[in-house]
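Hello,

Here is the structure I said I would pass on. My notes follow it.

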Amino acid sequence: MELLQISKKELLEFVGTLVSGPLDVFGVVAHDGRFAYDKLDSAANLRLDFDETLYSPKQYLFPPKDPVLSYTPGDAASCAPVYAEKDQAIIGVHPGDMAAIAMLDKAFTENKIDAHYCTRREKTTLVGIYPTKPGKYRFTSSMIKPEEPYLAADAFLIDMGDDSYTIEIVTDRGKEFFSASAAKPATADGKAKAEKMKTAVKDTVTLKIKREDLPPFLDGKERHPVWETRGAKCFSCGSCVTVCPTCYCFDMLDELDLSFDYGLRFRTWDACVLEPFAVCAGGHNFRTKAADRIRHRLYRKQKYLLEKLGLAGCVGCGRCKTACVPDIAFPPDIDDDLLRKEAHHV
Amino acid sequence: MKPKVAFFDFACCEGCQLQVANLEEDILGLVNLVDVVEFREVLTGSAPEYDVSFIEGSITRPEDEARLRDIRSRSKVLVSYGACAATGGVNKIKNLWGNIDKVKKEVYDKDAAMPHLETYPTKAVHEVVKVDYFVHGCPITRSEFLKVVKALVFGTTPDIPQYPVCVECKMLGNECMYDKGGVCLGPVTRAGCNAICPSNNVSCEGCRGAVPNPNNNAMHEVLAKYKLSVDDIKRQFTMYALDPEVGK
Ligand code: SF4
Ligand code: SF4
Ligand code: SF4
Ligand code: SF4
Ligand code: SF4
């Protein structure tokens, strides 16, 4: 991997030129005492020293409400797909969120290529950043392997703790992206230090079970009392899913113009923890209980996706811990319950 | 032929019909789709039968019930629109008092016994007659009203959200009101307003009524996590007479 170095001032100047160019540039900005991704209108707002953002960057690859088809009612020939048109860059993606995008890439391309996702994805440059501050509930190292973020990233920034960043160039797109910046090849000293700085900020939370042991650990725990206990406290509000960087379930929605002359079909976020999620033909709901829904969510996070895609459905960002109003959604807490209660119930 | 549509009001502030009258450029699109035959706020006249009747307001007197039954008998489809009609809305606060005479005394004082002020505990429209569709909210959301009209004219079932306000709130990227020290009813309230209150830094008061199976019991956890009192939660539930179940 090619390593470059750039001063913080030079990086901001470079982002400044990007922002005034044709690209949509997204990055982290301060937001009411917290941090959030937003479209950058000035490089000065960009914050790379964030702990954790309110929402994940998945919103730019898988928007909450995305038009996918336009049509005139009653005229099948009028149906035309709608694809993303603008090139975009996301600057400042933590390794966990980057691994989540690697997982989304797999999910949206396995078996059948999802053209809407892939079109937008191909127009996107992803620049990661290793955390410079601990996240309140981060446990990413328990959930991802260090190489997984590189399946999605075009480049990674490493804050060197002085006035500079090291840039790891991962793809040709990343190389091209930074070619217009003032970055220079990193020195041998710089390279050695960069490797250390990557792990300088430690996780706040550690999962008690190793990632590879999670699927067998969860085997046979489908009827464990923890689901009923936590389900009794669940609002089925969807927040644990909407804030999650890996969740990709969607629903389809038609909107017809008042003239009835044209309509748009949208893909909108859905969530397996919502009560109507599993309603199918005839109005049947095959997952009517909150307990079953939260169990399904955790199994997706820690078992099913690992087995299916080889990447975890949870990257340990900790957002669901903050977002769940009754605080029942955090995977490490649920695992603790499963471990603790195991003794009594097996 | 365009469907004949009529608008009626009972106990309410008429704010919801104002939302319809204020549809601005969409009003033209609307009258292209339907034939409005009765609408006190914007025209005079009446018709013997209606394809769709929109009912606004709560039922609070025996004579309301008779009038509503008559409208129902002359309507093919009946839509209950606005919180007053769809859930009882703010008018149901009086039901929380338990004793209707106490309510009358508080509101009308020495005139409480006058015959034209006769009132009984508030009923939502569907508690009196069969309702085919609902448009929720206090006031209604104009885009949702249009969605229902379009579906009825096009012959599909209007797709009214069965999930909580939090979904829309999160899709808009808001910071949670609980994290800002608020008490928000978003987790138990039916979505469809595009989370307009939390998006404007105001906690949801539940004007759209509860989701089909609200878990009010989970409010106990919320009390602990955000260090709130039972009164904080109860106060928030009072505006639209919802039941917090937290004091039990
Ligand atoms: S499950 Fe929770 S901690 Fe894991 S990735 Fe999703 S939001 Fe983050
Ligand atoms: S676990 Fe929490 S965030 Fe998820 S649906 Fe239930 S109450 Fe909402
Ligand atoms: S629902 Fe609200 S706005 Fe509509 S009539 Fe009743 S009080 Fe007025
Ligand atoms: S502000 Fe209210 S509606 Fe929004 S996520 Fe929080 S509880 Fe839900
Ligand atoms: S956020 Fe709550 S109170 Fe506000 S309009 Fe929506 S349902 Fe009504």
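**Ligand 4 and other findings**

In this predicted model, the residues surrounding ligand 4 are Val165(B), Cys166(B), Cys169(B), Lys170(B), Cys176(B), Met177(B), Tyr178(B), Cys184(B), Gly186(B), Pro187(B) and Pro198(B). Nine of the shell residues are nonpolar, one is polar and one is charged. Helix H7 of chain B (residues 165–171) gives the most to this shell, namely four residues.

Over all chains there are 48 salt bridges. In one of them, the side chains of Asp66(A) and Arg120(A) meet at 2.8 Å, N to O. This pair links strand S4 (residues 65–72) to helix H3 (residues 115–122) of chain A, across 54 residues. Asp66(A) and Arg120(A) are both buried.

Helix H3 of chain A also holds Arg121(A), whose partner Asp105(A) lies in helix H2 (residues 95–107), so the pair ties together parts 16 residues apart in sequence. Arg121(A) is buried at 14% relative accessible area, and Asp105(A) is buried at 17%.

In chain B, Arg208(B) and Glu144(B) form a salt bridge of 2.8 Å, N to O. Both residues are buried.

Asp270(A) is buried too, but has no salt bridge; Arg287(A), the nearest side chain of opposite charge, is 9.8 Å away. Asp270(A) sits in the loop between strand S12 (263–269) and helix H10 (290–309) of chain A. Leaving aside residues up to four places away in sequence, Asp270(A) touches Val241(A), Cys249(A), Phe250(A), Asp251(A) and Phe277(A).

As for H10(A), 16 of its 20 residues are buried, and the helix bends by about 55° at Arg300(A).

Regards

Note on methods:
Residues numbered from 1 in each chain as written. Chains lettered and ligands numbered in written order. Predicted model: local features only at pLDDT ≥ 70, side-chain atom pairs only at ≥ 80, totals over all residues. Heavy atoms only, no water. Helix = DSSP H or I, 4+ residues; strand = E, 2+ residues; numbered from the N terminus. Buried < 20%, exposed > 50% of the residue type's maximum accessible area, 1.4 Å probe, protein only. Lys, Arg positive; Asp, Glu negative; His and termini not counted. Salt bridge = Lys/Arg side-chain N within 4 Å of Asp/Glu carboxyl O. Contact = heavy atoms within 4.5 Å. Bend = angle between axes of the 7 residues up to and from the residue. Near = heavy atom within 4 Å. Nonpolar A, V, L, I, M, F, W, Y, C, P; charged D, E, K, R; others polar.
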